[in-house]
Every structure is written in C-alpha cells, then in structure tokens.
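Have the structure open while you read.

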Amino acid sequence: MRETLIIRLQQDALAQHADVLVLDQSGNVAASHALMPWLEITPLASGRRVQVLVPGSDVVLTQVSIPSQSRQRILRAIPYALEEQFASDVSDLHFALGSRLADGAYPVAVVSRACMDIWLKQLQECDIHPDTLIPEMLALEYTPDSWSLWLDEQWMILRNGAYQGVVFEASGLDLQLQLSLQDSEQAPAQINLWSDNAVGLPDESLLADCEIQHHQLEPDQLLKRLNPPADVTLINLLQGSFSRSEQLGKLLRPWRSVAALLVVALLLSIGQEIALYKILKAEKIELAQQMRQEYKRAFPQAKRIVNPKVQMEQGLKKIRRGSPQAGNIGFLELMAQMGSVLQKQQGVQLNGSSFRDGRLDLDLVVDNLQILDDFKQALEVTKMLQVEIQSATSDAGQKVQGRIRIRGRQS
C-alpha cells in the first residue's frame, strides 16, 4: 500500500498555499502542514496516492431515487431528476454518483463545472494528478447517530450523515444547525464539536437533546481531523468527463492531429521503402538475367550456370593466367613480354597472333633466318618465356615467313 498525500484546497481559488497531511502505509499521520506553499507540495505528491479535499461551500450533497439498475442510465437521468433543486442550468453542473444506499437511493454530489475546471487547473499547474477529489465535509469523522462539527473563525463544516454535510460561514452557525435539525428525521444522540477558544459555540437551546463532545484543538490538529476514513465509501468527484481517463484524454487531444500526421508520414515512408525495394528487386533480377546472357556469350561451352558473376570472374582469371600446365603467365603478360622485345628488334614484322591453352603463336615476316633466330633468343633472355620456332619458309621476295610459339616457362 502506498503512502497517501491529502491536500485541502482553500476557499480562495487563487491561494498560493494549501493544507497538507501525509499518511504512512499504515494510515497513520506522518506529517501535517498548514498553509504550505504549492512549490513545496509538488515534490510530496511523487509516488504517493493523492486525495484532494475541495471546499464544501461549492458542493451540494443530496440523494436521488431512480428506478434503474444501470449506472450509466442513472447518471444520464440525475440532472433531470434534480434540476428543480438548482437555479443554474444543469448543463453547467457536474453530478458525481456515490454507492447505492440500503433504501435504493443514490447519494449525489453536485458542483459547478467551472469550479471543477479551476481546481483541476490549479493542480495540473503544480504537476499534481489527484486520484480522488472529495468534498471536505465527507472527510470528517462519522459514526451512526452522531454528527461531526468543525468550527473556525470563518467557516463551519458539518457532517450529519454518511453522505450528508454542509459548509457555511461561521456567522450563520445557529441558523444552519436549526435547518439541519429540521431536515433530519431524527436528532443526533451526540455531536462531536471541534473548535478553538477564539470561536463561539452554538446556541445550547438548539442542542438541548444532544450530548456535545467538545474537543478543543489547535489549528494544526484540526487539519488532522480531515482524514477521510478508509471504511466509508466516499463520493469521488472525478467521474464522467472529469474522470482521470477523460483528463488524460484532454491532455492528449491537442496532440492527436500531430500523432495522426506522424502515422501518415510513417505509413508513406514505409510505402516508399516497399516500392523502392520492389524496384530494386526487379532490377536485380533483370541484371542477373543480363549477366547470365553475357556469360553464355563469353563462354558458350559452359553447361551449368549457378552464379554467373563468380563464374565470369573465374573464367577471366583463367584467361589471364592461362592453363595450369603453361606456367603462371597469361595472355596479357605474354603479349607484354613479346611486345617489348618486338619494338627493339629490327627487320621483324608481325602478321598475326593467336592464343590458346596458354600458348601464344606469332606469325612473322623477317628479312632472313638469322633475324628470326635472333628474335627467338631475345625473347628467351627474360628467362620467363619458353620460345619455339614452329616453321620458317622463304617466299619469292627472299623474305622469310615464320611462326613462333611462346609460353610461360614452367618452374
């Protein structure tokens, strides 16, 4: 069970302070502060259950009998059942329903919506979110056949039933007691009266048939009397449009449009990502098909194509390096070696070349056989090439047409 913070609001809605009571987990008074500034109250609310006692002078307690078992129907019917008792338009009033009584009637607390707005705004500005809002007269002690009366210099708080009570200015004490006694079916056997020495007592003739238990207390101790008993069902004003869920909805309502826009933006972003993914996937499939076609064109002898990219790279490496039996020199390297020697050799003309299985065959025209042999020896000087003269024939112009085969020298 959490600790409880009880806050009693002042009659002046603009007051910068309130009375505070802190109860421990067992319900015992841990601390009390009279007229505590709001800035100091806010930290006390953290982690505690918050009960707020609102000025009883702004709340009317009454009862209503409505033949229905549905609480929602009863709540809808209450304003029309009680509208003759109030001068204000019922649409400007807030009706809070208590638990059903033994006789089938329901206790009702009535307060103006303007008061509720002021109280809740004051609490919200202090970052305090109450669990309950209770009329202060219902926080006084109550026992059957007895009334509780609290007097101070300005106000009287009377609880004359489980769900009955009034708050009036102290100057009208005798009149209000007389009216309450007239409205009561039976006078109380006892009245528990709390007051200090500065407050006048009620007319004894009015209470001749009642036993008065007078408790003389200091103001700080009077605050401790306003401790809502746990064994009595109280009327919580936070109902209907003022319930905690509705209050949370009011706080979130201005952000609904922003949240909706964020959701729309998120959905659009997701849609764009999905569309882009589909486009890229289609392009990937098309590129894969093109790569397969290019691989078949470059390697028509290939029978099985699993990964054209990897197979293409392997095929190109094989072309560059030649076959394993031909050493580690490929076509491009053979051409580079041969070309550097051919540029320096006089009297040698290259007519054609072919490359297969790691061998480079050159068709040459030279002035004589000696030049052909010199060219062969110049190629072999690098120690990296193995050179073989395949053929040499003289033509009518005394030129020699020869063929030389070059391959990488095996280590």
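What you see here is a predicted model, and its chain has 10 helices and 17 strands. Of the 411 residues in the chain, 38% are buried. Now look at contacts between residues at least 6 apart in sequence: 54% of them join residues at least 24 apart.

Let's zoom in on one sheet. In general, strands of a sheet pair through backbone hydrogen bonds, either parallel or antiparallel. Here, 4 strands make an open sheet, the order is S14-S15-S17-S16, and the pairing is antiparallel. Which strands sit at the edges? They are S14 (348-356) and S16 (385-394), and each of them pairs on one side only. On average, neighbouring strands of this sheet are turned by 20 degrees against each other, direction ignored.

Take the pair S16 and S17 (residues 400-408): they run antiparallel and are joined by 9 bridges. For example, Gln386 has Arg407 in S17 as its bridge partner.

Two helices pack on this sheet too: H9 and H10. H9 touches S14, S15 (359-366), S16 and S17, and H10 touches S14, S15, S16 and S17. Here is how each one is directed:

| Helix | Residues | Angle between directions |
|---|---|---|
| H9 | 331-344 | about 170 degrees with S14 |
| H10 | 369-380 | about 170 degrees with S16 |

Notes
Residues are numbered from 1 along each chain as its sequence is written. This is a predicted model: local features need pLDDT of at least 70, side-chain atom pairs count only at pLDDT 80 or more; totals for chains, interfaces and linings use all residues. Side-chain values use heavy atoms; hydrogens and water are left out. Two strands pair if DSSP finds at least two bridges between them. Axes are lines fitted to C-alpha atoms, for helices over the stretch in contact, and angles run from 0 to 180 degrees between N-to-C directions. Contact means heavy atoms within 4.5 Å. Buried means under 20% relative accessible area, exposed over 50%, partly exposed in between (1.4 Å probe, protein chains only).
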